[in-house]
Amino acid sequence: MSFPPFFLRRFPKANLPSHLYLTQALSFLTYLFVIFMYETLKSLHLIFVISWFAGLFYLPRLFVYHASTEDRLGIERFKVMEHKLFNYIMTPAMILALGAGTWLWLGFGFEGGWLHLKLLLVVLLVIYHFFCYRFMILFAEELNPHSERFYRIFNEAPTLLLAGIVFLVVFKPF
Ligand code: HEM
């Protein structure tokens, strides 16, 4: 390969010995690798967050219909749907979303007030997740104490938290 390599010609350095060009090329490749890792991890973070939210939106909606169902077949069907959604989609997606987010945070050195506020909203989201778990268990034991209307209102919380988090990460206002 001729020196400087094609990707360094945009940054000409006068009379550098060839081994220094090699050092520059290596640091440039390292830089590309870090960017690639960051973009990949952020994409995975978003995929896991979307999967988690699919459940956070849908499970309380199932509760709305479950609370007003009286036939045995319908009740048993809701129990299975809720159990599978919570255990096989929502909880693994939550763990992966939080893991990828923490990796982005600590691995790439993000900081700032926006991140602290985002983490607070994420904690509220995790608490909401465990409220869903509690209601699912109560439904499974056929001890649900709440009305259909209660679950309709409960269903709005993740929308507000999602809006707060997305505006914070995109605008990073402080
Ligand atoms: C432990 C929890 C979490 C941590 C530590 C975390 C951390 C991060 C970090 C460091 C970034 C990169 C920011 C940037 O590239 O500018 C990010 C991106 C993002 N996070 Fe999280 N996150 C977490 C959970 C969540 C949750 C629950 C949501 C959704 C409600 C979410 C939504 C997003 C979005 C939409 C982006 C992309 C922002 C952009 O491209 O500008 N995160 N997160």
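**Exercise 1.** Work out which element gives the largest share of the shell around the ligand.

*Solution.* Start with the biggest contributor: α2 brings six residues, the largest share of that shell. (Helices are DSSP runs of H or I with at least four residues, strands are runs of E with at least two, and both are numbered from the N terminus.) Next, count everything: 18 residues surround the ligand, with Gly101, Leu104, Phe110, Ile165 and Val169 the closest. Then list the elements giving two or more residues: α1 (18-67), α2 (72-107), α3 (113-140) and α5 (157-171).

A word on the model: it's predicted, so local features need pLDDT of at least 70 and side-chain atom pairs 80 or more, while totals for chains, interfaces and linings use all residues. Residues are numbered from 1 along each chain as its sequence is written.

**Exercise 2.** Find which residues Phe63 is in contact with, leaving aside neighbours within four places in sequence.

*Solution.* First, the test: two residues are in contact if their C-beta atoms, placed from the backbone, lie within 7 Å. Now apply it, and you get Phe135, Phe139 and Tyr151.

**Exercise 3.** Describe the overall build of the protein: how many helices and strands are there?

*Solution.* Count first: five helices and zero strands. Then check the spread: the radius of gyration (over C-alpha atoms) is 24 Å, well over the 16 Å from the globule rule (2.2 Å times the number of residues to the power 0.38) for 174 residues, so the protein is more spread out than a compact globule. Finally, the C-alpha trace spans about 85 × 35 × 20 Å along its principal axes.

Methods: A residue is near a molecule or strand if its C-beta atom, placed from the backbone, lies within 6 Å of it.
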